[in-house]
Amino acid sequence: MADHILHPTPYPDINAVLHLLLSSAQTILKHDFLGMYLCGSLASGDFNRQSSDIDFVIVTADELSDKVIAALAAMHDRIAASGPRWAKKLEGSYIPQRLLRRYDPSYERYPSINERRFYVGGHGSDWVIQRQIMREHGIVVAGPDPQLLIDPVGPDDLRRAVLATLREWWSQLLDDPARLHSREYQVFAVLTMCRALYTLQHGSLASKPVAARWARQTLGEPWSAMIERALAWPCNPQPDHLSETLDFIRYTLEGTEQRTENKL
């Protein structure tokens with residue numbers, strides 16, 4: 001067996017959970033299983049053992065029946081109950097091969113798990129970004145090279161996806177900031193805004209630390225101190241800066257059209 005399959009990440013405890021997910025999914029999917037990939041922070045260089053999830057995509061030969069989807073839901077319940085901490089941090093989707101190649105906002109039957117909730121639904125515009133991360137940086141646990149499965153995503157497509165994600169998700173937090181009462185989510189929000197601004201400016205993706213260092217230097221005050229604190233978390237305490245975090249989200253949202261009007 002290839003070494004990257006035996007050791008897809010540098011973390012033995014995470015690899016153990018990934019092997020459990022892989023073998024369990026293969027048993028249920030049988031000939032419908034085509035590949036398993038890591039995306040998200042493990043692939044993009046953002047991974048933090050204190051706060052990150054294990055983001056995965058499993059590619060299937062075709063759409064899955066209700067019976068198979070129910071079996072996958074039960075499988076994820078068993079994995080979450082198996083004991084290891086990382087067994088509760090799996091987040092991902094099962095995607096038919098034909099729908100992986102490019103983003104289709106009209107399709108709403110992806111079996112997915114997020115925050116320990118298994119459901120069947122659609123993908124938001126952020127999946128344009130996730131597909132690009134998977135194509136260019138995805139970690140192959142099993143299956144072919146992801147570049148053979150996913151079409152390239154152009155700079156303007158990335159910018160549009162960032163704009164749509166800001167509108168679909170982050171604008172809502174200005175009216176209902178309940179999630180942002182968490183210090184961890186405040187850090188996540190600040191670093192995500194930095195990455196959004198980076199992509200809007202450059203038409204390319206960067207890890208959150210890279211984008212945050214760029215934003216700290218480019219934006220200056222009043223944002224640089226807040227970005228510095230976010231970069232230092234969790235090594236340094238994160239004070240409660242709800243109001244400042246909301247202001248930064250608002251700043252990002254309000255400036256998106258102006259920053260991109262000459263780029264799209």
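The largest cavity of this predicted model is lined by His76, Ile79, Ala80, Ala87, Lys88, Lys89, Leu90, Ile113 and Arg116. A cavity is a set of points, on a 1 Å grid over the protein atoms alone, where a 1.4 Å probe fits but cannot get out; lining residues have an atom within 4 Å of a point. The volume is about 60 Å³, taken as the space filled by probe spheres set on points joined across faces, edges and corners. Helix α4 (residues 66-80) provides the largest share of this lining, three residues; helices are DSSP runs of H or I with at least four residues, strands runs of E with at least two, numbered from the N terminus. Five lining residues are nonpolar, one is polar and three are charged. Here Ala, Val, Leu, Ile, Met, Phe, Trp, Tyr, Cys and Pro count as nonpolar, Asp, Glu, Lys and Arg as charged, and the others, Gly among them, as polar.

Two cavities reach 30 Å³ or more.

His123 lies in the loop between β5 (117-121) and α6 (126-137). His123 counts as buried because its relative accessibility is 8%; buried means under 20% relative accessible area, exposed over 50% and partly exposed in between, with a 1.4 Å probe and protein chains only. The side chain of His123 makes a polar contact with that of Ser93 (2.9 Å). Such a contact is a pair of N or O atoms within 3.5 Å; within protein, one must be able to donate a hydrogen and the other to accept it, and residues adjacent in sequence count only if both atoms are side-chain atoms.

The largest nonpolar core has 40 residues. A core joins buried Ala, Val, Leu, Ile, Met, Phe, Trp, Tyr and Cys residues through side-chain atoms within 4.5 Å. Helix α8 (183-202) gives the most to this core, with 11 residues. Trp170 is among the residues with the most contacts inside it. Its contacts include Tyr185, Phe188 and Ile249. A second, separate core of 31 residues includes Phe33, Leu38, Met75 and Ala87.

Residues are numbered from 1 along each chain as its sequence is written. Local features need pLDDT of at least 70, side-chain atom pairs count only at pLDDT 80 or more, and totals for chains, interfaces and linings use all residues, while side-chain values use heavy atoms, with hydrogens and water left out.

Note on methods. Contact means heavy atoms within 4.5 Å. On a 1 Å grid over the protein atoms alone, a cavity is a set of points where a 1.4 Å probe fits but cannot get out, and a pocket is an open set with protein on both sides within 12 Å along at least five of seven lines; lining residues have an atom within 4 Å of a point. Lists of a residue's contacts leave out its neighbours within four places in sequence.
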